[in-house]
Amino acid sequence: MLRKLCSLLVFMLSSVNLFAQELNCKVKVLAVAIQNVDKEVFTTMEKSISDFMNTRKWTTDEYGTNEKIDINIMINLQSKSPDDDVYNATLNIQASRPVFNSSYTSPTVNFVDKDIVFKYSQFTPLQFDDNRIVGSDPLASNLTAVLAFYAYLVIGLDYDSFSPNGGSAYLKRAQNVVNNAPEQGKQIPGWKAVEGNRNRYWIIDQLLSPRFQEVRNYFYTIHRDGFDKMYTQPDVARQNILAGIAKLHQVNKENPSSILIQFFFNAKSDELAKVVAQVPKEERAQYITMLSQMDVPNSQKYQALNR
């Protein structure tokens, strides 16, 4: 009888870890620029953000421990207001997904957000409600709003990489955060169309816009029909990836200087360069030209393939 009870207890304890939250998020807070503040505040901030991302249930799906989405977030605090706990910062977020039949992980997001302003008080819990995003203090709520936006964005793109438009529900949740984001005059940037064309508003607006549907189609293709088939059908996989470049190029021609195209290449430029490098040298020119026109910051990387 005792053995049965022990076996049942072991099963119950193991079942707790069998299904887990969606994210495996590592957080780093840099505070070199902040003076005259107890460094323990930043240690607590780091842990609070990590707990917020990793313990909250973001979807209704069950994730196995080995299915969690890997994310790295680095928050670089650049200044603090002298009279309260309001920080200006940048946020660098990277995410990846596994590739079938491989130990390789393919980056899905690699983005630096420079419009980060929030209030943080040590030991005050981080709270977020999809139905009441602003909360009682807009500046305090802005931290969790930004984190939730990127959580939904990463999850949505992860689903998109496994099935066509599979992440729409979570991308719409990210858009809901944008539409109901905290406001406090001009103190809280990054959420509005009028603030520029390279912020959170435009990332999610373009991801959900029919004008950019081919970007999401290619995001699926490059992963499921490309990298996931690279082990079993390498020639087919490479051709699928290469064929999509022209479609992406057409979207770029119709929507020049869009943030979504650069957002895509921030994560994918290295991989695309490596795929093109496997093409016979005399056949590379068309791909090099299109990639250089779309991804100007990395054009030298592609041009080097001509040598």
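First, a definition: on a 1 Å grid over the protein atoms alone, a cavity is a set of points where a 1.4 Å probe fits but cannot get out, and a lining residue has an atom within 4 Å of a point. Now the ground rules. This is a predicted model, where local features need pLDDT of at least 70 and side-chain atom pairs count only at pLDDT 80 or more, while totals for chains, interfaces and linings use all residues. Residues are numbered from 1 along each chain as its sequence is written, and side-chain values use heavy atoms, with hydrogens and water left out.

The structure holds one cavity of 30 Å³ or more. The largest cavity has a volume of about 80 Å³; a volume here is the space filled by probe spheres set on the points, with grid points joined across faces, edges and corners.

Which residues line the largest cavity? They are T108, L157, L207, V215, R216, F219, L260, F263, F264, A267 and K268. Eight are nonpolar, one is polar and two are charged. For those classes, Ala, Val, Leu, Ile, Met, Phe, Trp, Tyr, Cys and Pro count as nonpolar, Asp, Glu, Lys and Arg as charged, and the others, Gly among them, as polar.

Helix 6 (213–226) and helix 8 (259–277) each supply at least two residues of this lining. Helix 8 has the largest share, with five. Helices (H or I, at least four residues) and strands (E, at least two) are DSSP runs, numbered from the N terminus.

How do those two helices pack? Two packed helices are described by the angle between their axes and the distance between the axes. Helix 6 and helix 8 pack at about 20°, with axes 12 Å apart. That makes helix 6 roughly parallel to helix 8. Axes are lines fitted to C-alpha atoms, for helices over the stretch in contact, and angles run from 0 to 180 degrees between N-to-C directions. Under 35 degrees counts as roughly parallel.

Helix 6 brings V215, Y218, F219, I222 and H223 to the contact, and helix 8 brings L260, I261, F264, K268 and L272. Contact means heavy atoms within 4.5 Å. Eight of these residues are nonpolar, one polar and one charged.

Next pair. Helix 3 (residues 138–160) and helix 5 (residues 200–207) have axes that come within 12 Å and cross at roughly 25°. Helix 3 and helix 5 are therefore roughly parallel too. On one side of the contact sit V146, F149, Y150, L153 and L157 of helix 3; on the other, R200, I203, I204 and L207 of helix 5. The classes are eight nonpolar, no polar and one charged.

Now the pockets. A pocket is an open set with protein on both sides within 12 Å along at least five of seven lines. The largest pocket has a volume of about 360 Å³. Of its 17 lining residues, T124, P125, Q127, A140 and S141 are closest to the centre. Helix 3 gives the most to this lining, with three residues. By class, the lining has six nonpolar, seven polar and four charged residues.

The second largest pocket holds about 290 Å³. It is lined by 14 residues, with Y63, E67, K68, D158 and F162 nearest its centre. Strand 5 (86–98) is among the elements that supply at least two residues, and strand 5 gives the most, with three.

How values were computed: Parallel < 35°, antiparallel > 145°, perpendicular 65-115°, else oblique.
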